[in-house]
Amino acid sequence: MLSTDLADHRRSGEQALLAALRVRDPLALAEAYHRTAPAAYACARRLLGSATEIEGLLREVYGELWVAPPEDGPLEGWVRSRCFAWGAAHLRDAAIAPAAPSLADLLPDLAEAPQGTLDTAEEVLAGLDQPARLALLEAHDRGVASASQSAPTADDDLRRALLALCSAAGGDNGADDDPQARECELAGLGDWALGLLDPRAATQLASDLADDGACAALARRLQRGRRLLEGLPPTPDLGQRVLVAVLAATGADPDHGLPSALDPQTVPEPPAGAADPPARSAARGPRRVRPSPPGAERRPEAPRPARPARPPLRAKPGTIPSDQAGSKTRGEPEASDAGPPADSTDAPLRRRRSRALLVLGVIAVIAGAAILAAVVLDLGL
């Protein structure tokens with residue numbers, strides 16, 4: 001019978017999810033990846049240029065989350081900050097520029113990305129004023145909430161940047177002179193859209209949005225601006241590889257050295273003087289016979305029918321008859337080596353083949369005539 005008492009964390013709050021990660025619950029890691037993978041993938045893709053580097057960065061980040069999860073949320077902000085730290089370190093080691101040109105404001109010590117054709121999001125970022133662009137980069141790519149940024153207007157700057165991205169995506173009048181932005185007085189909407197509020201503040205803000213239609217509409221537009229910046233989410237197979245690699249490399253409990261599926265498989269050598277290993281068939285042991293069900297009698301095996309005797313071959317002219325086989329000289333062919341006789345039983349088979357070929361030919365002629373007639377009728381000839 002199937003077990004239906006399946007535990008998962010799809011409805012767990014962030015604090016419960018972090019507590020499950022601290023006790024090494026693999027399902028908690030899977031749920032944490034599911035919730036934060038779009039943000040982590042977007043940050044990695046803006047930092048690194050190749051798919052191999054992006055997957056390697058995600059393995060490092062979620063491996064760290066599995067081994068040393070944070071004590072408190074927000075989880076998405078932690079993932080963004082760790083992606084930036086790992087990715088920036090890799091860029092400095094390789095002495096290469098970030099993939100997104102706008103990240104030059106956060107990484108001035110690295111070479112600037114080559115100025116090629118910019119996508120829509122990069123064009124919007126290039127057109128923003130410096131405070132709005134820095135507020136967005138600090139929040140989205142570094143995981144720093146607006147309240148923790150140095151600029152006192154970071155909350156409003158972040159909101160303006162996300163509204164500009166939403167305007168570029170189409171469907172509204174832009175961020176300038178926005179009545180919804182003027183009517184909504186809730187703080188932290190930009191942080192909420194990027195997952196940077198701590199769990200308690202995020203729960204309270206979600207409750208406030210349910211009671212305020214104008215702010216709820218504004219929050220949806222900020223989320224739309226985030227989607228334009230982040231693009232498509234990662235594919236499911238990438239998540240499978242990341243989770244399997246992390247769990248296989250560290251085991252269910254990182255404190256214990258469990259064997260890893262990624263480690264090379266080694267075969268121990270036998271001690272000196274040991275006997276040779278038995279053959280493969282002997283190592284398998286005797287053949288196992290499936291027992292009969294209770295009360296069933298074993299049926300006796302039916303005798304196999306006797307194979308009919310092969311008719312004697314006719315000797316061709318010039319060959320040695322069977323009664324004179326002893327008198328043939330060495331090198332002369334036996335009667336069985338002479339091949340089948342010309343008038344053997346293959347004659348009916350050849351006749352049936354000839355008839356089948358004749359029928360196929362007649363069918364082909366009829367089909368060709370029908371096609372020709374259809375073409376004539378279609379052309380009106």
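**Close-up 1. The disulfide of C184 and C215 in a predicted model.** C184 and C215 are joined through sulfur atoms 2.1 Å apart. A disulfide here is a pair of cysteine sulfur atoms within 2.5 Å. The structure holds 1 disulfide. The link of C184 and C215 is right-handed, with 115° about the S-S bond. C184 sits in the loop between α8 (179-183) and α9 (189-193), and C215 in helix α11 (residues 213-230), so the pair ties together parts 31 residues apart in sequence. Helices (H or I, at least four residues) and strands (E, at least two) are DSSP runs, numbered from the N terminus. Both C184 and C215 are buried. Buried means under 20% relative accessible area, exposed over 50%, and partly exposed in between (1.4 Å probe, protein chains only).

The model is predicted: local features need pLDDT of at least 70, side-chain atom pairs count only at pLDDT 80 or more, and totals for chains, interfaces and linings use all residues. Residues are numbered from 1 along each chain as its sequence is written, and side-chain values use heavy atoms, with hydrogens and water left out.

**Close-up 2. C43 and C83, two cysteines in no disulfide.** For C43, the nearest cysteine sulfur is that of C83, 5.6 Å away. C43 is buried, with a relative accessible area of 1%. C83 is buried as well, with a relative accessible area of 0%.

**Close-up 3. The salt bridge of E31 and R35.** The closest N and O atoms of E31 and R35 are 2.9 Å apart. A salt bridge is a side-chain nitrogen of Lys or Arg within 4 Å of a carboxyl oxygen of Asp or Glu. E31 and R35 both lie in helix α2 (residues 26-47). They are 4 residues apart, about one turn of the helix. E31 counts as buried at 10% relative accessibility. R35 is partly exposed, with a relative accessible area of 30%. The structure holds 17 salt bridges.

**Close-up 4. A salt-bridge network of E55, R59, D237 and R241.** R241 pairs with E55, the closest N and O atoms being 3.0 Å apart. This pair links distant parts of the chain. R241 is in helix α12 (residues 236-250) and E55 in helix α3 (residues 51-67), 186 residues apart. R241 also meets D237 in a salt bridge (2.9 Å, N to O). D237 and R241 are 4 residues apart in helix α12, so about one helical turn separates them. E55 counts as buried at 13% relative accessibility. R241 is partly exposed at 35%, and D237 is partly exposed at 37%. Salt bridges that share partners join E55, R59, D237 and R241 into one network.

Close-up 5. L357, V359, L360 and I363 make a nonpolar patch of about 410 Å². Patches are made of residues with over 30% relative accessible area and no salt bridge; like charges are joined within 9 Å, and nonpolar side chains (Val, Leu, Ile, Met, Phe, Trp, Tyr) within 5 Å. Accessible areas come from the Shrake-Rupley method with a 1.4 Å probe. At 61% relative accessibility, L357 counts as exposed. R350, R351, R352, R353 and R355 form a positive patch.

Notes:
Lys, Arg positive; Asp, Glu negative; His and termini not counted. Charge placed at Lys NZ, Arg CZ, Asp CG, Glu CD.
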